[in-house]
Amino acid sequence: MASVEQAPAAEQIGTGIPVENPATGETIATIPTLSGAEVKELVASARAAQPAWEAIGFEERGRVLRRAQKWVTDNSERIIATIVSETGKTYEDAQLAEIMYAAAAFGFWAKEAPNLLADESIKSANPLVKGKKLVVRYRPVGVVGVIGPWNFPLTNSFGDCIPALAAGNAVILKPSEVTPLTSLLMAECLRASGLPEDVFQVATGDGATGAALIDGVDFVMFTGSTKTGQKVMERAAKTLTPVGLELGGKDPMIVLADAELERAANAAAYYSMNNGGQVCISIERVYVEAPVYDQFVAKVTDKVKALRQGRSAGPGSIDVGAVTFPPQLDIIDSHVRDAVAKGARVLTGGRVAPGPGMFYEPTVLVDVDHTMSCMTEETFGPTLPIMKVADAEEALRLANDSPYGLQGSVWTKDVRRGEQLARRVEAGTVCVNDAQVNYTALELPMGGWKTSGLGTRHGAGGIRKYTQQQTLLVTRFAGKRDPHMFPYKKRTTQLLGKLTRLLYGRGKRD
């Protein structure tokens with residue numbers, strides 16, 4: 001069969017899974033559902049193509065990635081149009097969080113892969129290996145399977161393929177069936193950039209397609225909900241296939257009484273509502289010290305009320321787009337209704353927007369507490385619950401009262417105190433007087449604690465996870481027999497005992 005990615009996105013109309021524009025409800029394409037047997041064929045062709053891709057080395061792979069970087073910038077309007085059509089997000093969300101990310105990532109991994117995966121010369125304090133060459137090297141795992149989410153089809157779906165390719169792997173991307181068109185477009189990008197046949201392939205389909213992919217590959221990178229991540233890990237355990245998981249989040253924002261309230265309010269409105277609140281590291285709950293609570297709430301509510309929501313008509317046309325995934329609309333609404341039933345007040349929004357498409361009005365909730373799902377479960381939508389707290393300690397306790405630990409933020413003019421508090425937040429990343437922008441620093445690892453995931457993307461770990469470590473020990477100069485070899489001799493054994501005491505038995509222990 002022909003590889004799925006060989007057909008342009010525009011030619012995917014036919015039988016299969018319909019792809020809808022969530023801002024209009026219109027079907028814009030139909031993509032095929034690959035069977036388990038077809039996925040197995042993709043894996044076989046990827047495995048056959050991978051050794052040659054690995055063999056050409058970092059420099060040649062880097063050239064391909066840099067050409068892809070240029071392709072993305074040259075075709076940015078086409079990519080943005082594709083992303084907007086299948087996600088319903090704004091032009092700006094597609095441009096800033098997707099195009100700019102991908103363009104940066106191609107260049108970053110092309111440049112850094114040779115450094116991060118270079119052989120490491122190791123020195124040991126153990127006298128038994130003195131004079132020997134000790135090396136740690138990183139070799140690609142082979143075939144990487146990436147199972148991507150629907151909220152960022154370029155950044156958090158295809159984006160995970162870039163370091164895997166830079167490391168020398170072949171990659172099969174299984175995009176969300178809700179937003180597959182961007183992945184097909186990026187397959188075109190890589191072909192145009194000179195990537196060899198079958199080194200990157202797209203496996204369109206549903207959950208069964210993803211399960212078949214897990215069974216066949218050498219590493220699985222999954223981004224999505226904690227519940228689905230557990231299923232991915234369970235499936236991968238059957239074949240002892242390693243996994244990387246970026247899962248759910250309920251990211252807290254702590255606003256202290258001495259915070260710059262105007263900046264904090266602007267950040268709260270933006271980082272809770274950008275991409276329609278459908279961001280893994282979105283601000284999902286806010287704890288504000290009592291002295292500035294009313295003022296902060298008033299500022300945030302005014303800003304959220306002013307947001308323009310609807311179908312994107314190009315740059316500057318709207319602020320908040322659609323809800324991309326139909327079941328997510330029900331989750332958002334149920335969280336708001338649950339909060340209201342338990343005593344919360346809606347200051348703005350609070351309902352499904354009328355008209356075509358899937359929209360939930362940007363919503364601010366107050367009088368909330370941890371009996372409400374909006375404060376304890378991932379909402380993943382344009383809502384912002386704000387809770388009054390007595391002091392920073394209460395805010396910290398509540399922020400950590402969560403099974404999630406993806407990201408958080410602390411807001412205060414006392415930066416030193418802010419960093420001290422940030423170090424006590426139980427999350428993989430914590431910002432002081434900022435949020436989300438850490439994701440643009442590809443040098444920084446980004447990953448979750450608790451049930452928010454395993455491993456990291458970005459940084460050294462973000463590419464080394466796609467490799468196998470190999471240790472090399474090379475003995476260059478040696479006699480015919482080392483002292484510890486057979487036959488054992490009493491005198492030698494006693495000397496080795498004395499050496500052990502000399503090396504490790506001296507010094508104070510208190």
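**Close-up 1. Glu 246 is a buried residue, with a relative accessible area of 3%.** In this predicted model, Glu 246 has its place in strand β9, which spans residues 243-246. The UniProt record, an unreviewed entry, places the feature "active site" at Glu 246, and such an annotation may be inferred rather than shown by experiment. When residues up to four places away in sequence are not counted, Glu 246 touches Met 221, Phe 222, Thr 223 and Gly 224, together with Cys 280, Leu 406, Met 446, Ser 452 and Arg 457.

**Close-up 2. Strand β10, residues 251-255, is mostly covered, with five of its five residues buried.** Asp 251, Met 253 and Val 255 point one way from β10, whereas Pro 252 and Ile 254 point the other way, and all are buried. Five bridges join β10 to strand β11 (residues 283-289), and these two strands run parallel; within β11, Val 288 is the bridge partner of Val 255. Strand β10 is also joined to strand β16 (residues 407-411) by three bridges, again in a parallel arrangement, and here Ile 254 stands opposite Val 410. Together with helix α10 (residues 261-273), strands β10 and β11 make a β-α-β unit that is right-handed.

**Close-up 3. The largest nonpolar core holds 70 residues, of which Ile 79, Phe 106, Phe 158 and Phe 200 touch the most other members.** Helix α4, residues 91-116, gives the most to this core, with 13 residues. A second, separate core consists of 28 residues, and Tyr 287, Ala 344, Met 375 and Ala 399 are among them. The surroundings of Ile 79 can be followed in more detail: leaving aside neighbours within four places in sequence, Ile 79 is in contact with Trp 71, Val 72, Ile 99, Leu 154, Leu 185 and Met 186.

**Close-up 4. Helix α8, residues 207-216, has Thr 209, Gly 210, Ala 211, Ala 212, Leu 213 and Ile 214 as its buried residues.** The elements that cover the buried residues of α8 include the helices α1 (36-55) and α9 (226-237), as well as the strands β5 (143-147), β6 (170-174) and β8 (219-223).

**Close-up 5. Thr 24 lies in the loop between strands β1 (17-20) and β2 (27-31).** Although placed in a loop, Thr 24 counts as buried because its relative accessible area is 16%, where the cut-off for a buried residue is under 20%. A polar atom of the Thr 24 side chain lies 3.2 Å from the backbone nitrogen of Glu 26. Leaving aside neighbours within four places in sequence, the residues in contact with Thr 24 are Arg 311, Pro 356 and Gly 357.

**Close-up 6. Ala 341 lies in helix α12, which spans residues 326-341.** Ala 341 counts as exposed because its relative accessible area is 68%, where the cut-off for an exposed residue is over 50%. Ala 341 and Met 372 are 31 residues apart in sequence, and their C-alpha atoms are 9.2 Å apart in space.

Note on methods: Residues are numbered from 1 along each chain as its sequence is written. This is a predicted model: local features need pLDDT of at least 70, side-chain atom pairs count only at pLDDT 80 or more; totals for chains, interfaces and linings use all residues. Side-chain values use heavy atoms; hydrogens and water are left out. Helices (H or I, at least four residues) and strands (E, at least two) are DSSP runs, numbered from the N terminus. Buried means under 20% relative accessible area, exposed over 50%, partly exposed in between (1.4 Å probe, protein chains only). A nonpolar core is a set of buried Ala, Val, Leu, Ile, Met, Phe, Trp, Tyr and Cys residues joined through side-chain atoms within 4.5 Å. Contact means heavy atoms within 4.5 Å. Two strands pair if DSSP finds at least two bridges between them. A crossover is right-handed if, with the strands pointing away from the viewer, the path from the first strand over the helix to the second runs clockwise. A polar contact is a pair of N or O atoms within 3.5 Å; within protein, one must be able to donate a hydrogen and the other to accept it, and residues adjacent in sequence count only if both atoms are side-chain atoms.
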